[in-house]
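The following note concerns the side-chain contacts and the strand pairing of the structure shown below.

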Amino acid sequence: MKSPVVAGILAVFLLGIFIVANEYRSYLNAHQSIDPFNDIEREQLPEHLEGKGTLLVFHDFESGNQADTSLHLTAPGHAGKQSIRLNSRFPFSPGLWIRFSELNTGDSAWLRGSGYVWFSGNPDDVKCSLVATCIHRGINFKYMFIPLENENLTPSQWNKVTIDYRIPQPPSTDDVLQVYFWYRGNGEVLVDDVKVEFWLN
């Protein structure tokens, strides 16, 4: 008589341990901090295409007047006298905005976005990304970005940042390709010589 009772108690006890262990594991999984900037997969322009790109846009910010505060221009510049200031009130730089209908992408095409960034302070606090994306009806369908706080940039000097991006086949020729800098912080960064090149493979 004792054996079935002991076995039943032992089974209930083991079941309780199993349930508690699973609940604890679920709690840890639900409360772990996820860093969306880790393990970002980067694409790389094929080596045979290097040096054969077509310039799509180049923003050196030299033509605007610094006195016009709506332009967000400031000194210094990377290769010239002016750059653009990004902050929480003006977080997006000029860059590329083009419809697929204006660009023959064929079966395989690439973009390379680049620019120079100046900041002061701790490199880990540079809350800015270089973004390349395709947009279909207002929704990103291939979104890539380089978070600059992970790039080991050097403060108080111009740092070049680059993103390579293989252009996907669009659902519609009305879809849009974009490349730009996005400032996500509470301070400011300077951006200059924003360039986007195109390759048809």
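1. A residue counts as buried under 20% relative accessible area, as exposed over 50%, and as partly exposed in between. Arg-85, at 27% relative accessibility, is therefore partly exposed. The model under discussion is a predicted one.

2. Arg-85 has a salt-bridge partner in Glu-188, with the closest N and O atoms 3.1 Å apart.

3. Over the whole structure, the search returns six salt bridges. Another of them joins the side chains of Arg-112 and Glu-50, at 3.0 Å from N to O. Arg-112 belongs to strand E5 (residues 109-118), while Glu-50 sits in the loop between helix H1 (2-31) and strand E1 (54-59), so this pair ties together parts that are 62 residues apart in sequence.

4. The partners in that bridge fall into separate accessibility classes. Arg-112 has a relative accessible area of 16% and is buried, whereas Glu-50, at 40%, is partly exposed.

5. A further salt bridge is formed by the side chains of Arg-184 and Glu-149, with an N to O distance of 2.8 Å. Both residues are found in loops: Arg-184 in the one between strand E9 (176-183) and E10, and Glu-149 in the one between strand E7 (139-147) and strand E8 (159-167); the pair therefore ties together parts that are 35 residues apart in sequence. For Arg-184 the relative accessible area is 24%, which makes this residue partly exposed. Glu-149 is buried, with a value of 8%.

6. Strand pairing deserves a separate remark. Strand E6 (residues 128-136) and E7 run antiparallel and are joined by eight bridges. Within this pairing, Ala-132 is placed opposite Met-144 in E7.

How values were computed
Residues numbered from 1 in each chain as written. Predicted model: local features only at pLDDT ≥ 70, side-chain atom pairs only at ≥ 80, totals over all residues. Heavy atoms only, no water. Salt bridge = Lys/Arg side-chain N within 4 Å of Asp/Glu carboxyl O. Helix = DSSP H or I, 4+ residues; strand = E, 2+ residues; numbered from the N terminus. Buried < 20%, exposed > 50% of the residue type's maximum accessible area, 1.4 Å probe, protein only. Pairing = 2+ DSSP bridges.
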